[in-house]
Amino acid sequence: MQKTYYDPKDLKKFGKITEWSEELGEKFFDYYGKVFEEGALTAREKSLIALAVSHTVHCPYCIDAYTSDGLKRGITKEEMMEAVHVAGAIQGGATLVHGVQMMNKVNKLEM
């Protein structure tokens, strides 16, 4: 990551979120660990999903983590980019479909 407001070194501090709320932090990490276990989806598939979601929620820490994780799991750069495009298309479509709300409001106000 380039030098920005987000410090890449902070990703290594993620585990410390339990310090100020140990019970909830531990519950989160238990859940997080369970989610990424092999199940109906492989760990590789889950990593690719996590990378795509990371882009839609704009989390540079997650993007770094799941880019590295994906490479370790054999995900190619082409697969990563395609997943990012899927995420972008869904995010763009979600933004545009909310235009229906605006259209409904305008139509109602123009009555």
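Reader: In which helix is Ser54 found?

Author: Helices (H or I, at least four residues) and strands (E, at least two) are DSSP runs, numbered from the N terminus. Ser54 is found in helix H2. This is a predicted model, in which local features need pLDDT of at least 70 and side-chain atom pairs count only at pLDDT 80 or more, while totals for chains, interfaces and linings use all residues. Residues are numbered from 1 along each chain as its sequence is written, and side-chain values use heavy atoms, with hydrogens and water left out.

Reader: What pLDDT does the protein average, and which helix has the lowest confidence?

Author: pLDDT is the predictor's confidence in each residue, from 0 to 100. Where it is low, the predicted coordinates should not be read in detail. Here the protein averages 94, and 97% of the residues score at least 70. Among the helices, confidence is lowest in H5 (residues 99-109), at a mean of 94, and highest in H2 (residues 43-56), at 98.

Reader: Is Ser54 buried or exposed?

Author: A residue is buried under 20% relative accessible area, exposed over 50%, and partly exposed in between (1.4 Å probe, protein chains only). Ser54 counts as buried because its relative accessibility is 4%.

Reader: Which residues is Ser54 in contact with, leaving aside its neighbours within four places in sequence?

Author: Contact means heavy atoms within 4.5 Å. On that basis, and with those neighbours left aside, Ser54 touches Cys59, Cys62, Ile63 and Tyr66.

Reader: Where is the place of Tyr66, and which side chain does Tyr66 make a polar contact with?

Author: A polar contact is a pair of N or O atoms within 3.5 Å; within protein, one must be able to donate a hydrogen and the other to accept it, and residues adjacent in sequence count only if both atoms are side-chain atoms. Tyr66 sits in helix H3, and its side chain makes such a contact, at 2.4 Å, with the side chain of Tyr32. Tyr66 is buried, because its relative accessible area is 10%. Beyond four places in sequence, Tyr66 is in contact with Tyr32, Phe36, Ser47, Ala50, Leu51 and Ser54. The C-alpha atoms of Tyr66 and Ala52, 14 residues apart in sequence, are 9.0 Å apart in space.

Reader: What is phi of His58 near?

Author: Most residues other than glycine have a negative phi, and most peptide bonds are trans. His58 has a phi near 55°, a positive value in a residue other than glycine. His58 is found in the loop between H2 and helix H3 (60-72), and counts as exposed because its relative accessible area is 53%.

Reader: How many helices and strands does the protein have, and why is it described as more spread out than a compact globule?

Author: The protein has five helices and zero strands, running α-α-α-α-α from the N terminus on. The radius of gyration is 18 Å, well over the 13 Å that the globule rule gives for 111 residues, so the protein is more spread out than a compact globule. That radius is taken over C-alpha atoms, and the globule rule is 2.2 Å times the number of residues to the power 0.38. Along the principal axes, the C-alpha atoms fill a box of roughly 55 × 40 × 35 Å. Of the 111 residues, 17% count as buried. Among contacts with a separation of 6 or more, residues 24 or more positions apart account for 48%.
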